[in-house]
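Please look over the sequence and the model shown below.

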Amino acid sequence: MTVEKILVVDDDKNICELLRLYIEKEGYQTVLAHDGKQALAVFEEEKPSLIILDVMMPELDGWQVCREIRKTSDVPIIMLTAKGETFDKVLGLELGADDYVVKPFDSKEIVARIKAVLRRTGPKSSVSDIKEVSYDKLIVNLTRYELKVDGKIVDTPPKELELLYHLASNPNRVYTRDQLLDEVWGFEYYGDSRTVDVHIKRLREKLEDVSPQWSLKTVWGVGYKFEVKD
C-alpha cells in the first residue's frame, strides 16, 4: 500500500518540524519547503498527495503558489495562516484551496483536516466510473476536471467546477449556501458564506446566455439552483 505524501510549506521551520512530527505519527510521509519558490520545486519533484500551505512567505506567497499549482494540478491544498478575516478565507477558497486553518492551530485539528480532505478527494474515478453531466451546449466532467461550453473547453478552478457539477447533477433542486459549503467544500465553514456567491458569480460569467434550456438561478432568501426548463 502506497503511503500518502504531505508537502508542508511554511517559512517557520519550527512549525514545519512540529507538523512533520504529528503527520508522520499518523503514518504519512512528509516533505518540507520554506518559501514559495522552493514549494513549487518540491511539488514538481515529489508529487505529494496533499499540500499544507502557509500564506505569508518570502519569494512567493501562498496565494501565488496556490494559483501556480492550480494551473496544472487539483492536488488538495489546505491554507495555513495567521490571518482569520473572511476576505482571506474567501480568497483562498476562490483560488482553489480545499480548506483553511488559522494559526495558532491545534495539531489534532490539522490531522483531522488532512484526513477529511484526503477522504473527500480520494482516489480518482476509474474509466468505467466517469463523473459527467451534460446539457445543451454544456458538459461538466469531474473525472477530467473539464468544463466544455458550446464545444469549447473553458478554464475553470476546481471548486467552481465541483460546485457546478453538484448543482447540475441535481437539476431544479434548491440548495442553501450552508448546504453547498458542506456538500461541495466538505467542511464546516466558519464565518461569512459569501464564498458561494463569489463562485456562482464567476460561473455565471462563463455561462451567461449559453442556452435557453438551463441557467444558474438565485432563489431569493434561500440559495441557488441549476434550473432546467421542461
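Arg177 is partly exposed because its relative accessibility is 24%, where partly exposed denotes the range between buried (under 20% relative accessible area) and exposed (over 50%), with a 1.4 Å probe and protein chains only. Asp197 also counts as partly exposed, since its relative accessible area is 24%. The side chains of Arg177 and Asp197 form a salt bridge with an N to O distance of 2.8 Å, the term being used for a side-chain nitrogen of Lys or Arg within 4 Å of a carboxyl oxygen of Asp or Glu. This pair links distant parts of the chain, with Arg177 in helix α7 (residues 177-185) and Asp197 in helix α8 (residues 194-207), 20 residues apart. Helices (H or I, at least four residues) and strands (E, at least two) are DSSP runs, numbered from the N terminus.

The model is a predicted one, in which local features need pLDDT of at least 70 and side-chain atom pairs count only at pLDDT 80 or more, while totals for chains, interfaces and linings use all residues. Residues are numbered from 1 along each chain as its sequence is written, and side-chain values use heavy atoms, with hydrogens and water left out.

By the stated rule, the count of salt bridges comes to 20. One of them joins the side chains of Lys71 and Glu68 at 2.9 Å, N to O; Lys71 is exposed because its relative accessible area is 59%, whereas Glu68, at 35% relative accessibility, counts as partly exposed. Salt bridges also link Arg70, Asp98, Lys159 and Glu162 in a network.

Glu162 has a further partner, for its side chain makes a polar contact of 2.6 Å with the side chain of Tyr145. A polar contact is a pair of N or O atoms within 3.5 Å; within protein, one must be able to donate a hydrogen and the other to accept it, and residues adjacent in sequence count only if both atoms are side-chain atoms. Tyr145 lies in the loop between β7 (138-141) and β8 (146-149) and is partly exposed, at 25% relative accessibility. Tyr145 and Asp74 are 71 residues apart in sequence, yet 8.3 Å apart in space, C-alpha to C-alpha.

## Helix α2 and its two sides

The buried residues of helix α2 (residues 36-46) are Gly36, Ala39, Val42 and Phe43. They lie on the same side of α2 because they cover an arc of only 120° around the axis, the arc being that of the directions from the helix axis to the C-beta atoms. What covers these buried residues includes β1 (5-9), β2 (29-33), β3 (50-54) and α3 (62-70), where contact means heavy atoms within 4.5 Å. On the other side of α2, Lys37 and Glu45 are exposed.

At the start of α2, a side-chain oxygen of Asp35 reaches to within 3.0 Å of the backbone nitrogen of Lys37. Just after α2, Lys47 takes a positive phi of about 50°, and its side chain meets that of Glu44 in a salt bridge (3.3 Å, N to O). Lys47 counts as exposed because its relative accessibility is 54%, while Glu44 is partly exposed, with a relative accessible area of 45%.

## A nonpolar surface patch

Leu18, Leu21 and Tyr22 form a nonpolar patch on the surface, with about 270 Å² of accessible area together. Patches are made of residues with over 30% relative accessible area and no salt bridge, like charges being joined within 9 Å and nonpolar side chains (Val, Leu, Ile, Met, Phe, Trp, Tyr) within 5 Å. Accessible areas come from the Shrake-Rupley method with a 1.4 Å probe, and for residues only the protein chains shown count as cover. Leu21 is found in helix α1 (residues 13-25) and counts as exposed, at 55% relative accessibility.
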